[in-house]
Amino acid sequence: MKCQVIMNAMEQLAPKSLKEDWDNVGLLVGNPEAEVKRIFVCLDADEANIEQAIRKNCQMIITHHPVIFDGIKKVRTDLYTGRILKKLLVNDISVFSAHTNFDQAEGGVNDILANLIGLTKIKMWEVGGETICGRIGYLEKPMTIEEFANQVKQGLKTDYVRYTSAGERMIKKVALCSGAGACFLGKAAFSGADAYVTGDVKYHDAQHAVEYGIHIVDGGHYPTEYPAMLDLAKRLEEALKEQGEIEILIDDESRDLFNVI
Ligand SMILES: [Zn+2]
């Protein structure tokens with residue numbers, strides 16, 4: 001199957017028009033004309049995943065995080081970026097990244113996250129006419145922050161979540177943003193959410209949450225995003241099955257970079 005056919009299917013699942021202005025998405029390494037027999041789906045095209053793709057004989061990698069993000073002014077193969085680019089080119093592997101466009105797409109990362117943590121009536125998150133990269137949803141019945149944090153932990157099948165408490169406030173309305181979304185905390189509070197679910201929350205964000213009177217559940221960057229890649233692999237397989245022969249493999253070796261002892 002031509003790489004271009006897969007790119008077209010990805011455009012249906014994560015339209016480029018949904019990306020944030022600062023983002024870098026699409027085919028970032030490779031050639032649309034290249035022949036692909038096997039696709040490898042993962043969160044990051046880091047060295048371990050590229051080696052996994054080479055070992056599993058894949059010709060294309062689909063990632064969430066862009067393999068090239070900032071501009072490149074040199075390709076030094078003694079440094080990390082040059083080394084992984086060389087590995088990709090020498091092994092004739094293309095990389096396609098669907099980042100904020102896949103976060104925001106229908107059935108994308110934020111929708112998957114909303115489903116996994118048990119939200120219903122999930123809708124786009126709009127504040128004063130502006131669309132925020134996230135979702136708003138509701139719990140079936142009100143919960144305490146301890147109950148909800150536990151539900152998020154179970155839903156994401158992760159070892160731990162961190163949460164901050166805004167006291168006795170019961171949780172019914174929830175705002176969320178997968179990955180690193182602490183920047184939207186104020187918008188979550190303004191939207192009337194009782195709790196905000198995201199990853200990569202810092203101490204000062206937690207202080208602001210207490211000031212705003214909103215609970216936070218930090219599910220972690222990796223745990224709030226990785227499950228969507230499993231789902232993407234299935235949906236891509238479905239979208240491509242009529243188009244020719246293709247096999248889709250998922251990264252089943254990577255783990256969250258953070259460990260807890
Ligand atoms: Zn991310």
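Which strands does helix H1 (residues 3–13) lie across? The answer is S1, S2, S3 and S4, and H1 runs at about 15 degrees to S3. Helices (H or I, at least four residues) and strands (E, at least two) are DSSP runs, numbered from the N terminus.

A word on the source: this is a predicted model, where local features need pLDDT of at least 70, side-chain atom pairs count only at pLDDT 80 or more, and totals for chains, interfaces and linings use all residues. Residues are numbered from 1 along each chain as its sequence is written, and side-chain values use heavy atoms, with hydrogens and water left out.

**The sheet and its helices**

Let's start with the open sheet, where 5 strands line up as S1-S4-S3-S2-S11 with mixed pairing. Two strands pair if DSSP finds at least two bridges between them. S1 and S11 stand at the edges with a single partner strand each, so one side of each has no neighbour in the sheet. On average, neighbouring strands here are turned by 25 degrees against each other, direction ignored.

| Strand | Residues |
|---|---|
| S1 | 26–29 |
| S2 | 38–41 |
| S3 | 60–63 |
| S4 | 94–97 |
| S11 | 247–250 |

S2 and S11 pair in the parallel sense over 4 bridges. In S11, Leu249 is the bridge partner of Phe40. Helix H2 (residues 47–55) packs on this sheet too, touching S2, S3 and S11, and its direction makes about 155 degrees with that of S2. Contact means heavy atoms within 4.5 Å; axes are lines fitted to C-alpha atoms, for helices over the stretch in contact, and angles run from 0 to 180 degrees between N-to-C directions.

**Helix H6**

What about H6? Its buried residues (under 20% relative accessible area, 1.4 Å probe, protein chains only) are Ile145, Phe148, Ala149, Val152, Gly155 and Leu156. Seen down the axis of H6, they fall within an arc of 125 degrees, so they line one face of the helix. That arc is taken from the directions from the helix axis to the C-beta atoms. Just after H6 comes Lys157, with a positive phi of about 50 degrees.

**An aromatic cluster**

Trp125, Phe184 and Tyr196 form one aromatic cluster. Rings of Phe, Tyr and Trp (its six-membered ring) pair if their centres lie within 6.5 Å, and planes over 60 degrees apart count as edge-to-face. The structure holds 4 such aromatic pairs. Trp125 and Phe184 make an edge-to-face one, 6.2 Å centre to centre with 75 degrees between the planes. Trp125 lies in strand S5 and Phe184 in the loop between S8 and H7, so the pair ties together parts 59 residues apart in sequence.

Definitions and conventions:
Buried < 20%, exposed > 50% of the residue type's maximum accessible area, 1.4 Å probe, protein only. Phe/Tyr/Trp six-rings, centres within 6.5 Å; stacked < 30°, edge-to-face > 60°.
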